[in-house]
Amino acid sequence: MNMSRQSFWIRSSGIALSALFLYYCFYALDWTDLRQGFAMPHPWFLVLVVLGNFAVLGFKTWVWKILLDPSTQLPFGFLFELQHVGCMANVLLPFKAGEFLKAGVLKKRHGLPYAQALTSIGLERYLAGFSLVLLALGL
């Protein structure tokens, strides 16, 4: 099977699965409850939360890029997308499997050794946790 045909089937199956899961999520939904839920008094809070999420993931990506820069120069945009994919996989898969997915994508797309990618991800996680401990201690 040639690459364009394989790509077509992969994309088609992805769209079909997405449609199936969307149907499963919305088939028993009470639309009046949904409308009331979105009719909140201050919708700008939702915008602030989304912008805050992008800011936090951007900062995490920046730290991760600093950790990876001595060995390889990767574009910030690619790492930012990969950070989002990892978060999505962490929500959907057990045992923080999104971190392993990120390391696998780095190996496949840019040839970065798997152990080095996992080490940088683990170090970034450690630094994030350590900064929370420092904040909790008031330092």
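Visitor: Is Lys65 buried or exposed?

Guide: Lys65 counts as buried, at 17% relative accessibility. Keep in mind that this is a predicted model.

Visitor: Which side chain does Lys65 meet in a salt bridge?

Guide: Asp69. The N to O distance is 3.3 Å.

Visitor: And Asp69, how does that one count for accessibility?

Guide: Asp69 is partly exposed, at 24% relative accessibility.

Visitor: How many salt bridges turn up in the whole structure?

Guide: The search finds 3. Side chains of opposite charge can pair when their charged atoms come close.

Visitor: Which residues are linked in a network of salt bridges?

Guide: Glu99, Lys102 and Arg125. Lys102 meets Glu99 at 3.1 Å, N to O. Glu99 also bridges to Arg125, with the closest N and O atoms 2.4 Å apart.

Visitor: Where do Glu99 and Arg125 sit in the chain?

Guide: Glu99 is in helix α5, and Arg125 is in helix α6, residues 114–137. They are 26 residues apart, and the pair links distant parts of the chain.

Visitor: What about Lys102 and Glu99, what separates them?

Guide: About one helical turn, because they are 3 residues apart in helix α5, which covers residues 97–110.

Visitor: OK, another lysine. Which helix holds Lys60?

Guide: Helix α3, residues 44–68.

Visitor: Which side chain of opposite charge is nearest to Lys60?

Guide: Glu124, at 4.2 Å. Lys60 is buried but has no salt bridge. The cut-off for a salt bridge is 4 Å between a side-chain nitrogen and a carboxyl oxygen.

Visitor: What is Lys60 in contact with, leaving aside neighbours within four places in sequence?

Guide: Gln83 and Glu124. So Glu124 counts as a contact of Lys60, since contact reaches to 4.5 Å between heavy atoms.

Visitor: Let's back up to the whole chain. How many helices and strands are there?

Guide: There are 6 helices and 0 strands. From the N terminus on, the order is α-α-α-α-α-α.

Visitor: What radius of gyration does the chain have?

Guide: The chain has 19 Å. A compact globule of 139 residues would come in near 14 Å. The C-alpha atoms fill a box of roughly 60 × 55 × 25 Å along the principal axes.

Visitor: What share of the residues is buried?

Guide: Buried residues make up 21% of the 139 in the chain.

Visitor: What does the accessible surface come to?

Guide: About 10,600 Å². Carbon and sulfur atoms account for 73% of that.

Visitor: How many positive and negative side chains does the chain have?

Guide: There are 11 positive and 6 negative side chains. The centres of the two sets lie 11 Å apart.

Visitor: Is Phe95 buried or exposed?

Guide: Phe95 counts as exposed, at 77% relative accessibility.

Visitor: What about Lys96, what is its phi?

Guide: Lys96 has a positive phi too, about 50°, and is not a glycine. Lys96 lies in the loop between α4 and α5. Lys96 is partly exposed, with a relative accessible area of 46%.

Visitor: Last one. Where is Ser120, and what does it touch?

Guide: Ser120 is in helix α6. Ser120 touches Trp64, Leu67 and Leu68, not counting residues up to four places away in sequence.

Visitor: Buried or exposed, that serine?

Guide: Ser120 is buried, with a relative accessible area of 6%.

Terms used:
Residues are numbered from 1 along each chain as its sequence is written. This is a predicted model: local features need pLDDT of at least 70, side-chain atom pairs count only at pLDDT 80 or more; totals for chains, interfaces and linings use all residues. Side-chain values use heavy atoms; hydrogens and water are left out. Helices (H or I, at least four residues) and strands (E, at least two) are DSSP runs, numbered from the N terminus. The radius of gyration is taken over C-alpha atoms; the globule rule is 2.2 Å times the number of residues to the power 0.38. Buried means under 20% relative accessible area, exposed over 50%, partly exposed in between (1.4 Å probe, protein chains only). Accessible areas come from the Shrake-Rupley method with a 1.4 Å probe; for residues, only the protein chains shown count as cover. Lys and Arg count as positive and Asp and Glu as negative; His and the chain ends are not counted. The place of a charge is taken as NZ of Lys, CZ of Arg, CG of Asp or CD of Glu.
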